[in-house]
Amino acid sequence: MATDKKVVVLEFEKPVHELEEKIKEMRAYTEKTGMDLSEDIKRLEEKAAELRKEIYSNLSRWQRVQLARHPKRPYSLDYIERITGYFEELHGDRRFAEDHAIVAGLARLDKYTVVIIGQQKGRDTKSNIYRNFGMPNPEGYRKALRIFELAAKFNKPVITLIDTPGAYPGLGAEERGQAEAIARNLFEMARLPVPIITVVIGEGASGGALGIGVGDRILMMENAWYSVISPEGCAAILWRDAAKAPQAAEAMKVTAADLVDLEIVDEVIREPEGGAHNDADAAADAVKKAIVTHLKELMKLSPEKLIEQRLEKYARMGAWVEKG
Amino acid sequence: MDWFKRKKKISTSAPKKDVPDGLWVKCDGCGTIIYKKELEKKYYVCSQCDHHFRVGSDVYIDLLFDEGTFKEFNADIASDDPLDFTDVKSYRDKYQATVKKTGLKEAVITGTGKMNKIPVVAALMDFRFMGGSMGSVVGEKIGRAIDMAWKKKQPLIILSASGGARMHEGVLSLMQLAKTSAKLARLAERNIPYISLLTNPTTGGTTASYAMLGDVHIAEPGALIGFAGPRVIKQTIGQDLPPGFQRSEFVRDHGFLDLIVHRHELKQRISDILAFFKHKNPAK
Ligand SMILES: [Zn+2]
């Protein structure tokens, strides 16, 4: 859960964080007194780097889920701001409302003009309420669909950024057809005649994530998670105890590396050491590079070929055994 | 129509139990004690209050298709437990136990059949098999049924009875939503009719994919239909849900169902609609 606190340190980040604080103190001391502590500082920095490497190369799935939810983690607009040279946000589904949990707009990215659509979380209580904690209503999906169709009309590739704890489970959302809105997007994205690249940047929870996530390439940040339900939701149903979420995260295999093994994700985007929140610029750079690389390949394909390959891609997904 | 007259407050709680064993059954709708043989003859609809009991795919095959015309295909696709999943017990054990208990091989049966002589391709989900949950096998079998309809240029019927995607297969279950929807998009390009038949319950990922993508949406009376489960919504909004919330009548009144059709009329009404689509208008 997001908080308003300025510094948020996850449990497993603490050892490194403590060292970093110590280094900061020593630097301040040097500045104040002129005493040379550079040897000690260097030694501590090496130790911090080593520790960081050790911790972050051995993260459990649940720890990655926590990183994906880190309140300092870059959100869709943080990436959009860094990877685009031009961005004009477009609003509304032209049917009922504007949904602030999904942002969408026209963008320049590298040498391409594209549309970008992403789920958007808030950073503090006020903005989280405004963004509905990144949980879209049907209008968000219908706005996305409108922008997909706009992209198709003007032959622009589509980039989607996934970061949602789920589609909003509210009364109005049901009345206005949450399920239909998501289903319609899956259907239309499958046959959209332009390249679609999806990047899971944070949380990918269920149909609410997939509702903007059908594409030619599925990329995933190293510390993002993506599954059929949140670990808490799974734990509440199968273990009858939401506190068993860490076990559920392990059992459902929700990490980027897992999704490569399961042949769902095409590429894992490496994050800066310690997670994307430690260096949003570097994280955005990596995202941009990955998008451009895949876009270059996809731009060569005809609309027919794109749609055919997309269908084949999804037809392969899943695992089963067949007798006889 | 009778179902308009039902006086009972429609409950929004979890779906009712399947028809229990024994000679006599108590109706969930009106409390009447019914002789089970009698109920069976009525395809498990209460003759007092028209309550539709939840039934398995075998009853629907009997009800919907001309006698002896239903031919199952892809019967022998089974789950591979791709995640080696274990909660309080292993998915593998639960799966085997479900196969043994229900006599079903998975949560969907696919095949071809005739409805009042009209050849169709059909997929019928079955709630008895792990709550009709959609994992890789359900997605694959339904996907192949869609392919079959595409190839044969025959109408497609998908009967949904499902609590949603199967958690035991994680993201692979989720991707079945995309797989089936993508195949339906291809089917639509050929202008082949697809009728989505929603029964109690149709929720979660099933609703958020093929169940909501039909040319015509038909539901049985009183079925629970929605995306999020009533319990989750209740928790989120912190208040009781209005009577009839997420039931067929509610979903129709909000614009997401074309028709609510009594179980006894399903075959006739569906085949009439298919005949309508099939009809070619005279050139002059
Ligand atoms: Zn009754």
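## Zinc site

In this predicted model, the zinc ion is held by four protein donors, the SG atoms of Cys27(B), Cys30(B), Cys46(B) and Cys49(B), at 2.3 to 2.4 Å. Along the chain these donors follow the spacing C-x2-C-x15-C-x2-C. The angles subtended by the four donor atoms at the zinc ion run from 104 to 114°, so the arrangement is tetrahedral.

Cys27(B) is buried, because its relative accessibility is 3% and the cut-off for buried is under 20%. Cys30(B), with a relative accessible area of 36%, is partly exposed.

## Nonpolar core

The largest nonpolar core comprises 176 residues, and Ile117(A), Tyr226(A) and Leu64(B) have the most contacts inside it. The element that gives the most to this core is helix α5 of chain B (residues 170-189), which supplies ten residues.

Beyond its neighbours within four places in sequence, Ile117(A) is in contact with a set of residues of chain A that includes Ile102(A), Val103(A), Ala144(A), Ile147(A), Phe148(A), Val158(A), Leu161(A) and Ile212(A). Thr160(A) is also among the residues in contact with Ile117(A).

## His264(B)

His264(B) is located in the chain B loop that runs between β10 (259-260) and α8 (266-278). Its relative accessibility is 40%, so His264(B) counts as partly exposed.

Apart from neighbours within four places in sequence, His264(B) is in contact with Lys42(B), Tyr43(B) and Val45(B). The His264(B) side chain reaches the backbone oxygen of Lys42(B) at 2.7 Å. Lys141(B) lies 123 residues from His264(B) along the chain, and the C-alpha atoms of the two are separated by 27 Å.

Notes
Residues numbered from 1 in each chain as written. Chains lettered and ligands numbered in written order. Predicted model: local features only at pLDDT ≥ 70, side-chain atom pairs only at ≥ 80, totals over all residues. Heavy atoms only, no water. Donors = N, O, S within 2.8 Å, 3.2 Å for Na, K, Ca; no water. Tetrahedral: all angles 85-135°; square planar, octahedral: opposite > 155°, others 65-115°. Buried < 20%, exposed > 50% of the residue type's maximum accessible area, 1.4 Å probe, protein only. Core = buried A, V, L, I, M, F, W, Y, C linked by side-chain atoms within 4.5 Å. Helix = DSSP H or I, 4+ residues; strand = E, 2+ residues; numbered from the N terminus. Contact = heavy atoms within 4.5 Å. Polar contact = N/O pair within 3.5 Å; in protein donor to acceptor, adjacent residues only side chain to side chain.
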